[in-house]
Amino acid sequence: AFPMNCISRDLAATACAAVGGKLPTEARWEHAARGRGKRFTYPWGNDDPQCCSASYARTSPTEVEAAMCPGSGPEATASHTAAAGCSGPVDVSPDGVVDLCGGMQEWTSEIYADYDDPCWGTAIALDTTCTPAPVGGLVARGGAWSSPPFLILSAMRFTPGGLIGSDI
């Protein structure tokens, strides 16, 4: 019922394969998280999130400061859908994919490449695949339950070392 946390990219790929799937490429993840190529700010569109929109800005059990959103730690998968009682935007993409904005950051199958790298082409496309020599390392996408609002934007890109930029 909860997303997997603190796992390597290889273990994430193995878990996906065990259920007949695979890690998405960065382009596929971004295509889903930004409204099928519409460059949405969030999976639901461009409306600002509310605490019921996604699992973000929550405190860890060891933090003293108050968080923006109630609660502490990770939440169950699909906790932020219209069915969960949110009257505002919810963390569901036009394709029905949940938790792209918050919850846990998600591994992709690719090595980081700048958006101006030829592998990306001229626009974010569904079938783009970037496998250049390592520049910034492996890429994770999406916000996490502890992320502040500015880190849950669909365009944010992360490596194990931290934020590597975005194309907002």
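Select His 80 and display its surroundings: His 80 touches Cys 51, Cys 52, Ser 53, Ala 54, Ser 55, Glu 75, Val 90, Asp 91 and Val 92, not counting residues up to four places away in sequence, where contact means heavy atoms within 4.5 Å. The model on the screen is predicted, so local features are given only at pLDDT of at least 70 and side-chain atom pairs only at pLDDT 80 or more, while totals for chains, interfaces and linings use all residues. Residues are numbered from 1 along each chain as its sequence is written, and side-chain values use heavy atoms, with hydrogens and water left out.

**His 80 and its loop**

His 80 is found in the loop between helix H2 (26–33) and strand E1; helices (H or I, at least four residues) and strands (E, at least two) are DSSP runs, numbered from the N terminus. With a relative accessibility of 8%, His 80 counts as buried, a class that means under 20% relative accessible area, as against exposed at over 50% and partly exposed in between (1.4 Å probe, protein chains only). Draw a distance from the side chain of His 80 to the backbone oxygen of Cys 52, and the value to expect is 2.9 Å.

**The disulfide**

Next select Cys 51, one of the residues that His 80 touches, together with Cys 69, to which Cys 51 is joined by a disulfide with an S to S distance of 2.3 Å. The link between Cys 51 and Cys 69 is left-handed, with -85° about the S-S bond, and the two cysteines, 18 residues apart, are both placed in the loop between H2 and E1. A search of the whole structure finds one disulfide, the criterion being a pair of cysteine sulfur atoms within 2.5 Å.

**The nonpolar core**

Now move to Tyr 42, Tyr 56 and Cys 101, which are the residues with the most contacts inside the largest nonpolar core, a set of 16 residues. A nonpolar core is here a set of buried Ala, Val, Leu, Ile, Met, Phe, Trp, Tyr and Cys residues joined through side-chain atoms within 4.5 Å. Cys 101 has a relative accessibility of 0% and counts as buried. With Tyr 42 selected, its contacts can be followed to Ala 33, Asp 47, Asp 48, Pro 49, Cys 101, Ile 152, Leu 153 and Ser 154, not counting residues up to four places away in sequence.

**Helix H2**

One of the residues that Tyr 42 touches, Ala 33, is among the buried residues of H2, and the others to select with Ala 33 are Glu 26, Ala 27, Trp 29, Glu 30, His 31 and Ala 32. Because seven of its eight residues are buried, H2 is largely enclosed by the rest of the structure. Show the strands alongside these residues, and the buried part of H2 is found to pack against E1, E2 and E3. After H2 comes Gly 35, whose phi is positive, near 80°.

**The strands**

Select residues 106–111 and residues 138–141, which are strands E1 and E2 and pair in the antiparallel sense over three bridges; two strands pair if DSSP finds at least two bridges between them. Trp 107 has Ala 140 in E2 as its bridge partner, and Ala 140 in turn has Phe 158 in E3 as its bridge partner. E3 (residues 157–159) runs antiparallel to E2, and the two are joined by two bridges.

**Two backbone angles**

Most residues other than glycine have a negative phi. Select Ala 57 in the loop between H2 and E1, where phi is positive at about 55° although the residue is not a glycine, and where the relative accessible area of 8% makes the residue buried. Cys 6, in the segment before helix H1 (9–18), also shows a positive phi, near 60°, but Cys 6 is exposed, with a relative accessible area of 76%.

**The whole chain**

Zoom out to finish, and the protein shows two helices and four strands, which follow the pattern α-α-β-β-β-β along the sequence. Of the 168 residues, 41% are buried, and residues 24 or more positions apart account for 60% of the contacts with a separation of 6 or more.

Methods. Polar contact = N/O pair within 3.5 Å; in protein donor to acceptor, adjacent residues only side chain to side chain.
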